[in-house]
Amino acid sequence: NIGQFLDYFRELLGSDEDISNDDELAWFALNFKGRSIASGLGEAPKILELMGQQLQPMELIDDTDAAVVPVDMPVANEILECQRKFYN
């Protein structure tokens, strides 16, 4: 029941007198194991920071590693060429 969830979260935030605006943002984030990793009140979460903290690279990529692009994706090669031009 959505009403029960809303009541639960309102209770977590404190009494109605403590909340100045019903539209004030309160959020929390869980990792893949269901553990709390972040929360906030009044300010939107910084999604890229959260993702950067939780989604670490599986392996390091060296500058000399070539990009692996499927042959059926010619647009990907165009994008990679634009990136090479931009960074060189």
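Helices (H or I, at least four residues) and strands (E, at least two) are DSSP runs, numbered from the N terminus. The model shown in these views is predicted, so local features need pLDDT of at least 70, side-chain atom pairs count only at pLDDT 80 or more, and totals for chains, interfaces and linings use all residues. Residues are numbered from 1 along each chain as its sequence is written, and side-chain values use heavy atoms, with hydrogens and water left out.

**Figure 1. Order of the elements in the protein chain.** The protein chain holds three helices and two strands. Read from the N terminus, these elements follow the order α-β-β-α-α. Of the 88 residues in the protein chain, 7% are buried; buried means under 20% relative accessible area, exposed over 50%, and partly exposed in between (1.4 Å probe, protein chains only).

**Figure 2. The second largest pocket.** On a 1 Å grid over the protein atoms alone, a pocket is an open set of points where a 1.4 Å probe fits, with protein on both sides within 12 Å along at least five of seven lines; lining residues have an atom within 4 Å of a point. Strand S1 (26–30) and helix H2 (47–54) are the elements that give two or more residues to its lining. In total, 13 residues line this pocket, and Leu30, Ile37, Leu50, Met51 and Gln54 lie nearest its centre. The lining comprises eleven nonpolar residues, two polar and no charged. Here Ala, Val, Leu, Ile, Met, Phe, Trp, Tyr, Cys and Pro count as nonpolar, Asp, Glu, Lys and Arg as charged, and the others, Gly among them, as polar.

**Figure 3. Asn31 and Met51.** Asn31 is found in the loop between S1 and strand S2 (36–41), whereas Met51 belongs to helix H2. Asn31 has a relative accessible area of 23% and is therefore partly exposed. Met51 is also partly exposed, because its relative accessibility is 41%. Leaving aside residues up to four places away in sequence, Asn31 touches Ile37 and Gln54, where contact means heavy atoms within 4.5 Å. From C-alpha to C-alpha, Asn31 lies 9.8 Å from Leu50, at 19 residues apart in sequence. For Met51 and Asn31 the C-alpha distance is 9.9 Å, at 20 residues apart in sequence.

**Figure 4. The aromatic pair.** One aromatic pair is found in the whole structure. Phe86 and Tyr87 form this edge-to-face pair, with 4.9 Å centre to centre and 90° between the planes. Rings of Phe, Tyr and Trp (its six-membered ring) pair if their centres lie within 6.5 Å; planes under 30 degrees apart count as stacked, over 60 as edge-to-face and the rest as tilted. Both Phe86 and Tyr87 are exposed.
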